[in-house]
Amino acid sequence: MKSGKLGYLYILITIIFFSTYEVVSKTLVNRVNPFQVNFLRFFIGGILLFIVLLAKGDISIESKDFGKVLIVGIINVVLSMNLLQLSLNMPDSKASIAAVIFSSNPIFVTFFAAFITGEKINLNKIFGLLFGVLGVILISLDGIKIDHVNLKSPVLALLSALLYGLYTVLGGKVSKKIGSLKMNSYSFLLGSLTLLPFLIIFKVPVIKFDYSVSFQILYLSLFVTGIAYLTYFMGLAQTGAGKGSLVFFLKPVLASIFSMVILGERITSGFVMGTILIIFGITLVLYWNKETPKNSKNLQ
């Protein structure tokens, strides 16, 4: 198989794994503490990536880069991913809605990049943000009864997407110097270790959990957090960084299908329209301009 086609195969594998994240996490609700899920997921996934670094003989990191990687890890593991887990644990929350709202994060990537890296914001990007926000609002309000308004889950998912956009931009800067594999390996491990004291303080079990869901924990750790990142970076090396944003074009669609088949969630017309608006907004931001964002290459 030619290298270009193999690269797309790697990216396709990544898309499939990433699209199952919210669905699998939803099966852990009330069975494993959401913060414990993130600790285990990123600690085990970080170890897997670190083993790859060991195999390559490239584990060194300068002290000034260590601090930057720590900040990136805290934003991703401690803040963004915990907010997403909390969103999934809210009463009446849906994995499909959380997945679509989180998939709006490339829009935030563009605007954080403008402030942090000086990337130009054009009219297409502004309209893209407006379409994306409108889509999020439409999905969040779809099917909500007037006497039972609960926007906590979609708001938490939106905050998670915003912080993930910041993680993507800052992580992209660090990756340019030390490499994506090393950046994610160290940020996963440092982020999970930063989360560990909070688990201990609030008496959240670190390793002990309902072992009947061990398969889900291992799946999220090894496949969604470990292998999916590896296949993604391998794909980027052959197709170019811009193609990586395809992950967030197909993820809402696949995640919705998985939610419907596995969890029995109902897909409404409002959900479909909101998804279309978000995808159109992302299209405006990422593709309907001459310059493709360079920092959108670090994902869930």
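Me: How many of the 12 residues of H6 are buried?
Reply: In this predicted model, helix H6 is mostly covered. Its buried residues include Asn-105, Pro-106 and Ile-107, and also Phe-111, Ala-113 and Ala-114.

Me: What distance separates the end C-alpha atoms of helix H6, and what span should its residues give?
Reply: Helix H6 runs over residues 105-116, and at 1.5 Å a residue its 12 residues should span 16 Å. The expected span agrees with the separation found between the end C-alpha atoms, which is likewise 16 Å.

Me: Which residue just after H6 takes a positive phi?
Reply: The place to look is just after the helix, where phi takes a positive value of about 75°. The residue with this phi is Gly-118.

Me: How far apart in space are Lys-26 and Leu-88, C-alpha to C-alpha?
Reply: Lys-26 is found in helix H2, which covers residues 21-26. Leaving aside neighbours within four places in sequence, Lys-26 is in contact with Leu-88, Met-90, Ser-93, Ala-95 and Leu-263. Although Lys-26 and Leu-88 lie 62 residues apart in sequence, their C-alpha separation is 6.1 Å.

Me: Is Ala-157 buried or exposed?
Reply: Ala-157 has its place in helix H8, residues 152-178, and, not counting residues up to four places away in sequence, touches Leu-84, Ser-87, Ala-98, Ile-101 and Phe-102. Its relative accessibility is 0%, and the cut-off for a buried residue is under 20%. Ala-157 therefore counts as buried.

Definitions and conventions
Residues numbered from 1 in each chain as written. Predicted model: local features only at pLDDT ≥ 70, side-chain atom pairs only at ≥ 80, totals over all residues. Heavy atoms only, no water. Helix = DSSP H or I, 4+ residues; strand = E, 2+ residues; numbered from the N terminus. Expected span 1.5 Å × (residues − 1). Buried < 20%, exposed > 50% of the residue type's maximum accessible area, 1.4 Å probe, protein only. Contact = heavy atoms within 4.5 Å.
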